[in-house]
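Good morning, everyone, and thank you for making time for this.

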Amino acid sequence: MVLNKVLITLFFLLTLSNSGYAIDKKYLSGLQFPIGTEVSYKQIRFIKSTNFKLESSGLLKVHTNKIEWHQINPFVHIITMKDGVMTSGDGNTSEEVKNPIATKMARIMFDLFQGNFLALEKVFTMKASSPGINLSLTPINKDFAGFIKGIELVGNKNVEKFYLEEKSGNSLTIKFFNFIKMKKLK
Amino acid sequence: MIKRQYLILSILCLLPVLLFSFYSRFFSINTDVLTSLNRDYFATGFSTAFEQYENSLSRDLVIALKGEGLNELGLEADHITAFLDSKDEFEKSDASRSDFKNLGQFYFENHMAILTPKQRGLFKNKQFKTLEASALKKIYSPFSSALSTLTLDPYALVPGFFENFAKPVSLTPHNQYFKNNDLKPTLIIRRKITAGLEESALKILANLKLKNQNIKYYYSSLGLYGVVARSQAMDESSTFSLLTIVLILITFFFYFKSLRHLVLCLVSIVFCTSIGLYISSFVFGEIHLMSLLMGISILGIMADYFIHYFIKEKEEVTISGHDAFLSIKKPLLWSFITSLIGFIIFALAPLPLLQEFGVFSISSLFCAILVVRFGLVSFFKPTKPKSNKGNQLGLNERFIKALVKKNIRIWMIVPIFICFLFLLVLKNTNNDIRSFSTPDKILRQNESFIKNSIGYKYGYEFYIIRASNLEETLELEEVLKGKLTKASVRASFLTHYLPSQKTQKESISLYQSASENMDAFIKKFKMEAVDKTSGHKSFTLDHLKGKNPNLDIYKQNLGKIGEFHYIIVPLYISQESTAAKQFDPRIFEDKNIVYMNKLEFINKDVSSFSLSISYGIIIFSFIFFIILGFRFGVINAGAIILPSMISIIIAISSILVLGVGINIFHLLGTVLIFALGLDYSFFYFFNRKGSILTRSSIELSTLTTISSFGVLALSSTHAVSSFGTVVFIGIVSCWLWAPFSYLGAKNE
């Protein structure tokens, strides 16, 4: 519910700020998946040159001190981010992910989901447009500007879609749903 | 008598015209610097193949457009393409610009059997990363890029899976046709210049009108270098010839003050030159531009012969042309013999341009002797005799006399001369053929920009492979590719694009074995179904040509030459890795794979020849000394040879003092200094009685020779100016020292 309020506020502000204008970051501080929530996702990874779509689905869980990306289909794969350390496993065993790009990428996405826009500001230029919540991020950091063309967050009452487009034409679309079933975690 | 004069004058005037009209159709001027330095280079099957490869590149034209955006470059490229199509100077393109865009995916769209050696290895070892859990995790993870994992996976190439995904060959629009050089996009247009129209093509290219003024254009073609070099050398040879003739005529006019001498000298020079040109082009089938330029120096020597004759006409005792000829016969023949020996050395040199120069000089000078003997004597006209004897010594004579009087040990020059030449042998001479000519600056800058833009790095190193057919050459190239890749040496391989049938069959078999697991794979990982394709098939060069007609690599397939099929593998110049530096390109024991470094080959040849010139002069002077010693006595022989020796030392030392590196053309100049020095010495030696007229004739001929070589020193071609400068200095020195031949001689 808190998220809904935040998103409605944000929508209101974005509408006022007119399309294409840079948003005041103070209004963005509320855009987040609140701690103790769980949301279902369906991901489509599109590889342009193959015209092929790889589908996967699972849950995104936001804990007090960690975020968990829990892929269920086509196979179980759990990625967690805790205190800046990323681990990958299948529920029984896990190992630390040392790839710096993957870690940075995970950090950015979790910052987005947590509404940590102060950190994102160092990496992206952010713009909002109406109607609805439509937030565009363009990378300014050279690590990401080399391969990411842009990121968009789309939604109405809730964040409904995360869209990342690479410069190569490949893209990643994640749709979030089942917010109603979202429950508080212990 | 008058009738005979008219007849001879008609022959002298008409024969050159007739010869020119006859052989002008067959007369060809070669502008290729490399072939001018080594004609025999193309004697073997391998080298014929190499020549064919070079010829295939010679008319290739590349135009690079540099601007702010690819769209505006594209529009300009369309405009230029249409313009070039409307001109006969450029062959119509058989591929449009857009054909290049999907070049990299061609093989996969057509399900062609191509796998890199690395991918074949992965297939063989069943290293299918996409089937491994860790790789799958990365592919599906939103936090990592699937790209790096998939490009390594041979499964990515199986039809119905990641079809068209990976590009196993480094053939992309970016590294072949577009390049973000200094962050500005560059578009490359490729064409072929129509054979024989290179000159007008260059004019069109230099004056291209672009629609968009913000776009810069650069053009480059090997053929254009030839046009610029030809026009530069033609301009120089015509200007220098004219300048030399004018200087000779001015000298004649001021000395003889007679139109008769002027006309006879001019007609004789033209006659002898055209005979020389005819004979040398008959012998060699062509004349090189540099030979023509160096040939200008012969005009001065020819004029010497005419001067000696005309001056003798002034002698009091001369009552007929025949008398005048007889009185100069001895020095004339001796000087011709010395020149002949000098030019025979040139004619026997391994460099074609020197051979041509040698034959041209011998035939022209021989013709000049005949013209004096049978032509000029018929135009004998006694002139008012001047005082033939007296004490009016020339500057050079006073100089030598002072040295002789002071008992300066000039003979010490002999051991110094020998030591000097040996030191010269030991000194490293700069004989890099690339330094002999000065390429056009604009073309060189354009070439540099374009090569950087398209990543073209080929130099002068190549492998040439031969076998009985294309298939076998491809198989041999794959062996070579394996070894070069292992040594980190980069090269352009035909098999990168057209693997041998043997390798293709192996790839198809690997594809098929992988395909069998595909259905289960797709089902397991819930992938979207895609259309089934017909599977992979092997392909041939014809198939490839039909789809992508404009690839450079086709030129590497040289086809059947004699009984063998040849292909060529150009190596990249920059081999910066340690492994590449340690790689010895000559390690291959297979006689059908030959390493060729054109520059190294020719430079080595030139260097060894420059060594033999130094030895040759020592041996030549020794033999000549013995001959003259028998004929005129040891002291007289020494007196005749000494001025030449001193002049060589002075000329070469001056070049060293000027800070210019000694090259083969300086050394060849010493041969001419030796011959011309002996020429002057003979005239002084045979004039021991001290005729002022003989002295004048030597001074006059020195002036004409100096003017012709001095003019060559002005040439922008480094080789020609080196030759001109050293001979110019040497001749001045010869004139200064020549009186020693009689002042130092033992009076009979």
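Predicted model: local features only at pLDDT ≥ 70, side-chain atom pairs only at ≥ 80, totals over all residues.

Let me begin with chain B, where, among contacts between residues at least 6 apart in sequence, 83% join residues at least 24 apart, a contact being heavy atoms within 4.5 Å. Residues are numbered from 1 along each chain as its sequence is written, chains are lettered from A and ligands numbered from 1 in the order in which they are written, and side-chain values use heavy atoms, with hydrogens and water left out.

Chain B has 29 helices and 10 strands, taken as DSSP runs numbered from the N terminus (H or I of at least four residues for helices, E of at least two for strands). Of its 748 residues, 56% count as buried, that is, under 20% relative accessible area, with exposed meaning over 50% and partly exposed in between, for a 1.4 Å probe and protein chains only. In chain A there are 4 helices and 11 strands, and buried residues make up 49% of its 186 residues. For chain A, residues 24 or more positions apart account for 41% of the contacts with a separation of 6 or more.

Which residues touch the most other members of the largest nonpolar core? In that core of 102 residues they are B:F252, B:F306, B:Y309, B:V372, B:L628 and B:F723, where a nonpolar core is a set of buried Ala, Val, Leu, Ile, Met, Phe, Trp, Tyr and Cys residues joined through side-chain atoms within 4.5 Å. Helix α26 of chain B, residues 664-685, supplies the largest share of this core, 15 residues. Apart from it lies another core, of 35 residues, including A:F110 and A:I151.

Now to the helix pairs, for which axes are lines fitted to C-alpha atoms, for helices over the stretch in contact, with angles from 0 to 180 degrees between N-to-C directions. The axes of α14(B) and α26(B) come within 8 Å and cross at roughly 175°, so the two helices are roughly antiparallel, given that angles under 35 degrees count as roughly parallel, over 145 as roughly antiparallel, 65 to 115 as roughly perpendicular and the rest as oblique. Among the residues of α14(B) that meet α26(B) are B:W334 and B:F343, and on the α26(B) side B:L672 and B:F682 are included.

Helix α14(B), residues 321-347, also packs against α15(B), residues 352-375, with axes that come within 10 Å and cross at roughly 170°, and these two are therefore roughly antiparallel as well. The residues of α15(B) that meet α14(B) include B:V372, which we have already seen in the core.

As a contrasting case, the axes of α25(B), residues 634-657, and α28(B), residues 718-737, come within 8 Å and cross at roughly 140°, which makes α25(B) oblique to α28(B).

I will finish with B:F539, in the loop between α21 (518-524) and α22 (541-547) of chain B.
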